[in-house]
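This report describes a ligand site and its surroundings. Please keep the sequence and the structure in view while reading.

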Amino acid sequence: MSRRIAVLISGRGSNLQSIIDAIAARQLDVTLRIVVSNRADAAGLERARAAGVETLHLSPRQYADRDSYDVALAEVLRTREVDLVCLAGYMRLLGAPMLQAFRDRILNIHPSLLPSFPGLEAQRQALEYGVAVSGATVHLVTNGLDDGPIVCQAAVPVRADDTVESLASRILSEEHRIYPEAIKIVLDGGWELRGRRFVRRA
Ligand code: GRF
C-alpha cells in the first residue's frame, strides 16, 4: 500500500499543487490523504478539492492554546494513518503534541538556503543582505523556527536586476521541483540522522 501523507497549508498552496501534480504524474507514489488549513480562505483548499482530496479547516479560534490545537491536529492526522506531514506555507509553529506524535516525520519548505534567512520574507532578507546565491531548503521540523536537519537544498543565483518578486518566483520554481523529491527521499528510508546531519546511506 502506498504511504499516506498530509499537507498543512495557510494560503496559496502552490507547493501543495506541485505535490498533487507529482502524484498525478506518478513521480511520487504516495496517497495525499488530507489537506489541513488553519485558515478558511486558503486558496490551497480549493486546489485540494479540485484534486478530490479531503480538506479540513481547523480554526485556531476553537482552541484555548497552541498545544490543544496541536493535540486536535495530531488526532486528525493519526486517524487518517498519515506517515508523513508536509508543511507547505503553513504559518503556525508546531507545538510539542505534533512534534512528539510525528517525530522526524514532519517536513517543511523554506525559500532560502538555511540557516541563512529563517523566518518571514526570506527572499527579501536575501536580496537586502546582498547574497549572490539564495535558494530553497526542505528540512525536518524541530521545535526551532525553520530549523532541523536539511533533507535537500537547491541554489538560485541572485541577479543584479532582481526584485523580491522575481527572485521569489525563481526560488519558487525550485521549491516545486525539490519538495516532491524530498518527500520521496524521506519515505523511501535508507537515511539516518547523525547529529543534525541527514545522511543517506550509500
Ligand atoms: C513558499 O515560498 C514556502 O517556501 C514558504 O511559504 C511559501 C508558500 O507558498 N514556506 P505556497 O502556499 O506553497 O504557494
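A pocket, on a 1 Å grid over the protein atoms alone, is an open set of points where a 1.4 Å probe fits, with protein on both sides within 12 Å along at least five of seven lines; its lining residues have an atom within 4 Å of a point. Grid points are joined across faces, edges and corners, and a volume is the space filled by probe spheres set on the points.

The model is predicted: local features need pLDDT of at least 70, side-chain atom pairs count only at pLDDT 80 or more, and totals for chains, interfaces and linings use all residues. Residues are numbered from 1 along each chain as its sequence is written, and side-chain values use heavy atoms, with hydrogens and water left out.

**The largest pocket**

The largest pocket holds about 970 Å³ of space. Its lining consists of 36 residues, and Gly89, Tyr90, Met91, Ile109 and Pro111 lie nearest the centre. Two or more lining residues come from each of α1, β5, α5 (122–129) and α6 (164–188), where helices (H or I, at least four residues) and strands (E, at least two) are DSSP runs numbered from the N terminus. Helix α6 gives the most, with five residues. By class, the lining has 15 nonpolar, 14 polar and seven charged residues.

**The ligand**

The ligand sits in this largest pocket, as more than half of its atoms lie within 2 Å of the pocket's grid points. Elements that give two or more residues to the shell around the ligand are α1 (14–24) and β5 (106–110). The shell, meaning residues with a heavy atom within 4 Å of the ligand, includes Arg12, Gly13, Asn15 and His110. It has two nonpolar, five polar and two charged residues.

| Residue | Protein atom | Ligand atom | Distance |
|---|---|---|---|
| Ser14 | polar side-chain atom | oxygen | 2.6 Å |
| Glu175 | polar side-chain atom | oxygen | 2.7 Å |
| Ile109 | polar backbone atom | nitrogen | 2.9 Å |

Taken alone, the ligand exposes 370 Å², of which the protein buries 85%; these areas come from the Shrake-Rupley method with a 1.4 Å probe.

**Backbone features**

Leu114 and Pro115 are joined by a cis peptide bond with an omega of about 15 degrees. Pro115 belongs to the loop between β5 and α5. Glu81, although not a glycine, has a positive phi of about 55 degrees, and Glu81 is placed in the loop between α3 (66–79) and β4 (84–87).

Methods
Polar contact = N/O pair within 3.5 Å; in protein donor to acceptor, adjacent residues only side chain to side chain. Nonpolar A, V, L, I, M, F, W, Y, C, P; charged D, E, K, R; others polar.
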